[in-house]
Amino acid sequence: MNESPAIGDLVGNRYEIQEYIDEGGMQYVYKAQDRTLDRAVALKTPKINSASKRFQRSARTAAKVNHPNVAKTLDYFTENDKQFLIEEFIDGLNLSKCLFKHFSLADPFLSAYILHHLAKGVRASHHAGVIHRDLKPSNIMVEGSYGFREIKVTDFGIAKMAQEEIDEAVEGGDETITGSQTVLGALPYMAPETIDKESPHKVDQAADIWSVGALLFELMTGTKPFGTGLNAAHKILSNNRAPFPAAIFANKQFEFLNHQIAKIVEICLKPDPTERPTADQLVEECETLCYPEILREVSTVRRRDYRYGFISNPSFGQDIFFHKASVYGTSWSNIHVGDRVWFSRFLADPGERAHPVLKMNSDDQT
């Protein structure tokens, strides 16, 4: 293992470490202050020695991609035999922490929004000749956290390293896979040709499209399409995917868009990579989806009646009306006064209206 930097360290005679952010199987992530340009940046450094050998090459790969839906690579340098990658700092959380930790599933408006922006980021990378290889919720950043101001794909720079660890684990068998957190986290989003070393298809851009489809299925249903752990690999290779739950098509307010998104999932998860859409085609599919780009908010249910309720206005104005048909992911009987909910709001007469409304998980009801 590489020794991690400490808060207050100045690296590259320019970047002051301010805050520990996170770590994955391949790297540590910190918030740092760029003293030269007076701005916050994300500083990443390899976590394991084997990753260090490929960090510079991976940084150069990431720097090829320039798009609003991809975290920008700003700098790379070595110091005292340690390597550092500098990326734009995204003020928010990754998709796993922002969404899946707090909600059972995403409504179709949010799913469409995430899909469209993710597809544009993947398209930009493919146009630059870069395959991500490790698309999963922890590698997708949400700027503004609950507000969902922007979606940015990150960690293109370590994707190749993650893929090499995946390859080694798959060749090593179940015990090696079980010992790798990187592989266990990636498995539910891995295309069959990535897992099957006997596959006649090389791993190319189509593998990223598969990962988008797997992630989209999870957004829609709250479950991974092929399960988790080692069983996921066997189900992926046998194309044993979970069905879409009927409940997501039951509410007429959301039924049509969910059907549209489900069709996109189906084509992304084609076992044969040659039958999947390209990133360009995926973006074209997304452009047929109708969804609002409205910031999300969190507040508390103040009143609930037979068919409707009111949410406390975070701006301290008139309470926000919502109808039970706007509630998504749970039944109306499961909405109570005092519940914390997540919603978008729109102008209406006589007051603002919330739509959709999602109840936060029980751990968030404090």
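I began with E193, which counts as buried at 3% relative accessibility. I keep in mind that this is a predicted model.

**Entry: E193 and its partner**

I looked up what the E193 side chain meets. It forms a salt bridge with the side chain of R276, at 2.8 Å from N to O. I then placed both residues. E193 sits in helix α7 (residues 192-195), and R276 sits in the loop between α10 and α11. They are 83 residues apart, so I noted the pair as a link between distant parts of the chain. R276 also counts as buried, at 6% relative accessibility.

**Entry: T278**

I stayed in the loop between α10 (255-268) and α11 (279-286), where T278 has its place. Is T278 buried or partly exposed? I found it partly exposed, with a relative accessible area of 41%. I also checked T278 against D208, 70 residues away along the chain. Their C-alpha atoms are separated by 9.5 Å.

**Entry: R296 and D107**

Next I took the salt bridge of R296 with D107. The closest N and O atoms are 2.8 Å apart. This pair links distant parts of the chain, 189 residues apart. I located R296 in the loop between α11 and β10 (297-304). D107 is in the loop between α2 (95-100) and α3 (108-127). R296 is buried at a relative accessible area of 8%. D107 counts as buried too, at 0%.

I counted salt bridges for the structure and noted 18. One of them joins the side chains of D34 and R14, at 2.7 Å from N to O. D34 lies in strand β3 and R14 in the loop between β1 (10-11) and β2 (15-23), so the pair ties together parts 20 residues apart in sequence. How do the two compare in exposure, buried or partly exposed? D34 is buried, at 0% relative accessible area. R14 is partly exposed, at 22%; the cut-off for buried is under 20%. I also noted that R14, D34 and R39 are linked in a network of salt bridges.

**Entry: strand β4 and its neighbours**

Strand β3 (residues 27-34) pairs with β4 in the antiparallel sense, over 8 bridges. I looked at the hairpin of these strands, which has 4 residues between them. There, D38 takes a positive phi near 55°. Which other strand does β4 join? I found β6 (residues 82-88), antiparallel to β4 and joined by 4 bridges. V41 has E88 of β6 as its bridge partner. Last, I checked the cover on β4 (residues 39-46). The strand is mostly covered, with 6 of its 8 residues buried.

Methods. Residues numbered from 1 in each chain as written. Predicted model: local features only at pLDDT ≥ 70, side-chain atom pairs only at ≥ 80, totals over all residues. Heavy atoms only, no water. Buried < 20%, exposed > 50% of the residue type's maximum accessible area, 1.4 Å probe, protein only. Helix = DSSP H or I, 4+ residues; strand = E, 2+ residues; numbered from the N terminus. Pairing = 2+ DSSP bridges. Salt bridge = Lys/Arg side-chain N within 4 Å of Asp/Glu carboxyl O.
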